Amino acid sequence: MAQVGGLVMLQPEVGGSRDNFFFAGIDKVRFRKPVIAGDTLIMRMTLTKYQKRFGLAKMEGKAYVGGDLVCEGEFLLVSATE
């Protein structure tokens, strides 16, 4: 889900940043159900807070299999400035 969050940060509607974003932290993660080989895993990331000045992005992530929530958590990404 952290990788999906990085892709979200590259979207033009979010800001279309060409900066690199690094995974900085994870919180409130819950694994609800097991995921087994052959399952189709759908991951959704929602940007909940973005501080462009500091390059911090906070996201809420959820993963689903067949409509059932299997994992959720909060993710922090940080922009790398060159």
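Start with the secondary structure: colour the protein by element and you will find one helix and four strands, where helices (H or I, at least four residues) and strands (E, at least two) are DSSP runs numbered from the N terminus. Along the sequence the pattern reads α-β-β-β-β. Before you click further, note that this is a predicted model, in which local features need pLDDT of at least 70 and side-chain atom pairs count only at pLDDT 80 or more, while totals for chains, interfaces and linings use all residues. Residues are numbered from 1 along each chain as its sequence is written, and side-chain values use heavy atoms, with hydrogens and water left out.

**Stop 1: the sheet**

Select the four strands. They form an open sheet in the order β1-β4-β3-β2, with antiparallel pairing; two strands pair if DSSP finds at least two bridges between them. β1 and β2 stand at the edges with a single partner strand each, so one side of each is left without a neighbour in the sheet. Neighbouring strands are turned by 25 degrees against each other on average, direction ignored, with axes fitted as lines to C-alpha atoms and angles running from 0 to 180 degrees between N-to-C directions.

Now walk across the sheet:

- β1 (20–31) and β4 (68–80) share nine bridges; pick G25, whose bridge partner in β4 is L76.
- β4 and β3 (56–65) are joined by ten bridges. Here G61 stands opposite G73, and L56 has V78 as its bridge partner.
- β3 and β2 (41–51) are also linked by ten bridges, with L41 partnered by V65.

**Stop 2: the two hairpins**

Select G55. This glycine sits in the turn of the β2–β3 hairpin, which has four residues between its strands, and has a positive phi of about 70 degrees. Then move to G66, in the turn of the β3–β4 hairpin; two residues lie between those strands, and the phi of G66 is positive at about 55 degrees.

**Stop 3**

Select α1 (2–9). The helix lies across β1, β2, β3 and β4, at about 55 degrees to β2. Which residues of α1 are buried? They are G5, G6, V8 and M9, buried meaning under 20% relative accessible area, exposed over 50% and partly exposed in between (1.4 Å probe, protein chains only). Seen down the helix axis, these buried residues fall within an arc of 155 degrees, so they line one face of α1; the arc is that of the directions from the helix axis to the C-beta atoms.

**Stop 4**

Show the side chains of β3: A57, M59, G61, A63 and V65 make up its covered face, while L56, K58, E60, K62 and Y64 are on the uncovered one.

**Stop 5: the core**

Finally, select M1, M45 and M59, the residues with the most contacts inside the largest nonpolar core, which has 13 residues. Such a core is a set of buried Ala, Val, Leu, Ile, Met, Phe, Trp, Tyr and Cys residues joined through side-chain atoms within 4.5 Å. α1, β3 and β4 each supply at least two of its residues. Centre on M45: leaving aside neighbours within four places in sequence, its contacts (heavy atoms within 4.5 Å) are M1, V4, G5, V8, M59, E60, G61 and F75.
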